[in-house]
Protein chains: 2
Amino acid sequence: MAQQTSVVGDPGASLLLTDLYQLTMLQSYFEHGMTEVAVFEFFVRKLPERRSFLVAAGLEQAVEFLEQARFTETELAWLAKSKRFPRDFVDRLAELRFTGNVHAPPEGTVLFADEPVIRVAAPLPQAQLVETRLINILHFQTLIASKAARMALAAPGRRLIDFGLRRAHGAEAGLMAARASYIAGFAGTATVPAEPRYGVPIYGTMAHSFIQAHDSEEEAFENFARSRPQSVILLIDTYDTEAGAEKVAQLAPKLAADGITVAGVRLDSGDLADHARKVRKILDGYGLTDVSIFASGGIDEDALQEFVRAGAPIDGFGIGTSLTTSSDVAALDCAYKLQEYAGRPKRKRSEGKATWPGRKQVFRRCAADGRMEGDVLTVEGDAQDGEALIRPVMKDGKRLAPPPSLDRIREYCAAELARLPEPLSHLAPGAAYPVTVADALRDLAAQVDRETR
Amino acid sequence: MAQQTSVVGDPGASLLLTDLYQLTMLQSYFEHGMTEVAVFEFFVRKLPERRSFLVAAGLEQAVEFLEQARFTETELAWLAKSKRFPRDFVDRLAELRFTGNVHAPPEGTVLFADEPVIRVAAPLPQAQLVETRLINILHFQTLIASKAARMALAAPGRRLIDFGLRRAHGAEAGLMAARASYIAGFAGTATVPAEPRYGVPIYGTMAHSFIQAHDSEEEAFENFARSRPQSVILLIDTYDTEAGAEKVAQLAPKLAADGITVAGVRLDSGDLADHARKVRKILDGYGLTDVSIFASGGIDEDALQEFVRAGAPIDGFGIGTSLTTSSDVAALDCAYKLQEYAGRPKRKRSEGKATWPGRKQVFRRCAADGRMEGDVLTVEGDAQDGEALIRPVMKDGKRLAPPPSLDRIREYCAAELARLPEPLSHLAPGAAYPVTVADALRDLAAQVDRETR
């Protein structure tokens with residue numbers, strides 16, 4: 001098998017980025033005329049112990065994928081040449097476009113188990129084929145936004161920056177994590193293309209290698225400050241953190257004479273709270289009370305909570321691996337399930353994996369103070385009290401409205417997090433939120449069970 | 001900040017896919033004439049408890065990235081427009097190419113903590129800029145190959161297929177995981193573009209939605225078999241696993257009359273070992289002893305080991321989330337560190353993060369039966385017994401040899417796994433392997449400490 005790297009360019013933009021079984025199923029669907037409308041919903045089956053809520057994210061990339069979904073000439077030629085499929089099937093794939101309807105909660109919405117992250121209603125081959133990539137996009141961004149929200153809640157008022165591209169799982173993971181964490185309350189990312197691609201603010205200073213490459217730490221600090229006077233944040237832990245702070249204090253007046261202000265220092269090793277206290281004292285002793293302290297290195301939401309509780313004088317945090325890999329929960333238990341075909345509701349009954357059938361709606365009731373009180377999961381069309389979360393997004397393969405700006409999604413998410421019931425806004429596991437299954441949905445499930453052999 | 005999705009196409013091919021601090025450091029390096037040769041090494045600092053060895057992977061993509069590294073016109077225009085950097089710096093970025101030397105162990109090599117996965121020697125700005133993406137590629141593929149190797153060792157002789165694209169962290173993670181797991185012993189993947197892109201064999205059958213969309217399970221089975229007679233593997237757990245096996249047994253003679261053979265059945269829920277035994281009995285009772293049983297659903301290496309120990313009659317496994325997210329260890333503690341600049345060895349001494357300086361070599365000694373006995377980590381040029389693992393890969397920005405085929409890398413990796421000391425070939429944590437630091441390296445570290453303030 002020769003390597004033919006030219007067949008696929010941006011892997012994320014390829015309709016070929018799917019599981020082979022989607023194509024084998026499609027062949028059979030076409031051959032047996034099974035092209036009526038199928039309704040699939042994507043949802044999380046069960047929340048992990050360390051997540052008491054989810055933050056929906058990735059809808060914009062999912063919609064872009066559906067809008068642009070087609071096989072390229074090169075991909076079709078490869079499929080034909082592989083001899084895996086009959087020629088007429090490959091010809092039908094060439095014509096395939098997404099012409100269906102999509103419903104979803106807005107990005108940034110707080111969600112719980114069983115509540116749809118997206119609903120796709122389209123001719124069966126279309127709705128089936130897009131499964132893999134839709135999950136691939138929505139699962140990951142929801143995973144990261146949900147993790148980032150915990151961090152934002154654990155460190156209110158502190159500036160959180162995503163440092164995680166290097167240990168993210170590939171290029172797209174790094175980029176999407178920058179976007180999803182910004183939605184959930186991060187201030188920005190170090191990942192450069194996240195700004196041109198998504199509009200996420202980018203931040204960056206220096207690495208240890210910069211310090212080491214110079215003959216002395218002082219020279220490194222000064223060279224950097226003179227090259228980048230607009231944002232002087234100096235990394236002070238390469239050799240000895242407190243000695244580094246002293247050097248910054250010595251350098252600051254010299255730079256100030258040339259109109260350059262030291263904005264901050266960064267700590268990246270050792271007991272960060274302890275070093276931050278000592279460094280704060282050193283800087284304040286020289287009157288450098290405006291120099292902020294930024295910390296990074298193995299930080300997760302539990303560490304953030306501890307820093308805040310302990311009153312560590314740290315103004316901002318760079319958070320890498322734990323964020324972009326969602327290291328404590330690397331994946332959510334989720335599924336994209338057929339809920340209806342040709343007008344008939346459907347349900348999977350596999351052991352431990354049974355699902356609720358039909359097109360669903362979620363109604364959310366809130367208290368007078370705006371806090372969420374409880375959700376009702378029901379079938380579309382069943383009227384319930386509260387706000388309906390699942391809203392139309394695409395019709396006949398076209399968007400119904402221009403996408404909201406990322407900043408607007410971020411503001412909406414902040415409002416959502418502010419509405420969380422108080423116990424859910426803490427990191428401790430075990431905080432439950434009532435999601436009730438409406439009678440209408442239970443009745444439908446019972447009806448489907450009676451009808452399905 | 002308007003969204004400008006056109007600035008970046010395939011994110012993985014972009015030299016802009018880096019941390020902002022790489023660019024700010026580069027500006028200072030250029031302005032201060034710091035363009036002498038820097039040597040960086042990428043290595044894992046400490047193995048996680050559940051990994052007693054690593055499998056190096058991703059070198060081919062790393063080399064491709066270095067060979068093709070350049071900023072596109074669009075990226076440069078965006079950088080200039082962002083006003084973050086002076087014009088002459090952007091002009092220098094336009095000329096930037098990778099002209100350095102690369103050393104590395106071959107892909108598929110078994111490695112341990114502190115042993116270089118790659119060494120880059122290039123003018124400082126080049127070697128610095130590529131850090132983020134090199135780690136992004138090499139960390140992830142090494143993470144996945146190391147996880148997949150545990151699965152291959154836990155289930156010798158069973159066919160393992162990667163099913164994990166949907167829950168992989170983005171598009172590239174899914175593709176790279178297919179490649180890395182194939183190197184470590186998987187038989188293939190469900191991810192279609194992994195074949196044209198990397199030459200990984202692809203496999204696929206049907207999903208529950210296929211069964212549900214039909215009026216009956218029997219109809220679904222027969223439709224599929226007639227459309228895809230070359231590979232009839234039927235998913236039998238949508239409603240009732242053993243009833244599904246009975247339906248397969250009833251259908252098989254009818255298909256056989258038309259020359260179609262049922263190759264296998266797949267189970268995806270419940271107690272897989274128990275269902276497999278019952279299904280095997282049902283199939284054998286009808287004389288269908290050649291129909292293989294394939295299982296999937298939440299399987300990891302511990303589950304594989306249990307199936308094998310219990311003698312479950314399962315011929316192959318589809319493995320998803322636990323593989324492509326390396327769910328128990330979502331990231332490795334790794335670093336790309338400056339080891340030498342302008343001919344002078346360098347060392348970071350941050351608390352708990354001190355590194356060995358200089359250009360390193362690893363020598364591996366093996367017993368008479370070929371099993372690995374121990375490694376020596378030393379400086380390049382220091383002669384030690386055993387095989388030298390770190391070999392030249394690129395010189396002056398060019399590859400020294402065409403890349404080995406993926407199948408050859410896979411064979412090499414199989415030979416590596418066969419050479420593991422017996423305790424390391426089991427899943428149990430705690431198996432140690434001796435990596436000795438040579439006197440020559442200790443002396444160099446002491447010398448650097450004396451010279452660095």
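Trainee: Before I look at any fold, what scores does the model have, and what does chain A average in pLDDT?

Mentor: A reader of a predicted model begins with its confidence values. Here the model scores ipTM 0.96 and pTM 0.97, while chain A averages a pLDDT of 95, with 98% of the residues scoring at least 70. Over residues 1–6 of chain A, however, the pLDDT is below 50, and this stretch has 7 contacts in the model beyond near neighbours in sequence.

Trainee: How many residues does the contact between the chains take from chain A and from chain B, and which element gives the most on the side of chain A?

Mentor: An interface can be read by counting its residues and then asking which elements supply them. The contact takes 94 residues from chain A and 93 residues from chain B. Among the elements of chain A that each supply at least two residues to this side are α1 (20–31), α6 (131–154), α10 (217–227) and β12 (333–341).

Trainee: Turning to the sheets of chain B, in what order do the 6 strands of the open sheet stand, and is their pairing parallel or antiparallel?

Mentor: In chain B the order is β7-β6-β11-β10-β9-β8, and the pairing is parallel. The edge strands, each pairing on one side only, are β7 (188–189) and β8 (232–235) of chain B. Strand β6 (residues 159–162) of chain B is joined to β7(B) by 2 bridges, one example being Ile161(B), whose bridge partner in β7(B) is Gly188(B). With strand β11 (residues 316–319) of chain B, β6(B) pairs over 4 bridges in the parallel sense, and there Leu160(B) has Phe317(B) as its bridge partner.

Trainee: Which helix lies in the β-α-β unit with β6(B) and β7(B), and what is the handedness of that unit?

Mentor: Helix α7 (residues 171–183) of chain B makes the unit together with β6(B) and β7(B), and the unit is right-handed.

Trainee: Why do β13 and β18 of chain B each have one side without a neighbour in the sheet of 7 strands?

Mentor: That open sheet of chain B has the order β13-β12-β1-β5-β3-β17-β18 with antiparallel pairing. Because β13 (344–345) and β18 (398–399) of chain B stand at the edges with a single partner strand each, one side of each is left without a neighbour in the sheet. Within this sheet, 8 bridges join strand β1 (residues 37–46) of chain B to strand β12 (residues 333–341) of chain B, and Phe43(B) has Ala335(B) as its bridge partner in β12(B). Helix α6 (residues 131–154) of chain B lies across β1, β5 (118–123) and β12 of chain B, running at about 135° to β12(B).

Conventions
Residues numbered from 1 in each chain as written. Chains lettered and ligands numbered in written order. Predicted model: local features only at pLDDT ≥ 70, side-chain atom pairs only at ≥ 80, totals over all residues. Pairing = 2+ DSSP bridges. Right-handed = clockwise from strand over helix to strand, strands pointing away. pLDDT = per-residue confidence, 0-100. Contact = placed C-beta atoms within 7 Å. Axes fitted to C-alpha atoms, helices over the stretch in contact; angles between N-to-C directions.
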